[in-house]
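Please keep the sequence and the structure in view while reading.

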Amino acid sequence: MRAPILAVLFLATSGCTWVHMAPGASAVRVAATAPSGCEKRGEVEVSVKHSVAFIERNQLRVREELETLARNEAPGLGADTVHPLAPPTAGSQRFAAWRCGG
């Protein structure tokens with residue numbers, strides 16, 4: 001009985017997005033590398049649950065949620081662009097925040 005319950009839990013949580021975009025964050029761009037000609041505004045470290053009941057979550061979903069959290073933090077730093085400083089590790093990731101626009 002426990003295995004079917006865990007399977008349903010896994011399927012239900014693997015499709016969930018637990019992080020929602022904050023106001024102003026939709027205008028923040030995610031760059032693959034450090035942008036040129038921009039002012040660095042700081043760094044943020046964000047984290048999400050990477051496993052539920054010892055079951056690993058979908059890594060693409062975790063990465064998307066980390067990017068969303070970084071975008072949510074950017075407006076508070078006066079930034080309009082973020083880029084990852086390293087790959088995600090155990091549900092955490094550091095991003096640099098940049099102001100590139102006018």
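## Contacts along the chain

Two residues are in contact when heavy atoms lie within 4.5 Å. In this predicted model, 69% of the contacts in the chain with a separation of 6 or more are accounted for by residues 24 or more positions apart.

## Overall make-up

The chain holds 2 helices and 6 strands, and read from the N terminus on, these elements follow the order α-β-β-β-β-α-β-β.

Of the 102 residues in the chain, 30% are buried. The chain exposes about 6,100 Å², and carbon and sulfur atoms supply 58% of that area.

## The sheet

Four of the strands are arranged in an open sheet with the order E1-E5-E6-E2, in which the pairing is mixed. Strand E1, residues 29-30, and strand E2, residues 39-47, are the edge strands, each of them pairing on one side only.

Within this sheet, strand E5 (residues 81-84) and strand E6 (residues 92-99) run antiparallel and are joined by 4 bridges. Val82 stands opposite Ala97, a residue of E6.

## The helix across the sheet

Helix H2, which spans residues 59-73, lies across E1, E2, E5 and E6, the strands that make up the open sheet. Relative to E2, which is one of the two edge strands, helix H2 runs at about 135°.

Definitions and conventions: Residues numbered from 1 in each chain as written. Predicted model: local features only at pLDDT ≥ 70, side-chain atom pairs only at ≥ 80, totals over all residues. Heavy atoms only, no water. Pairing = 2+ DSSP bridges. Axes fitted to C-alpha atoms, helices over the stretch in contact; angles between N-to-C directions. Buried < 20%, exposed > 50% of the residue type's maximum accessible area, 1.4 Å probe, protein only. Areas by Shrake-Rupley, 256 points an atom, 1.4 Å probe, with all protein chains shown as cover.
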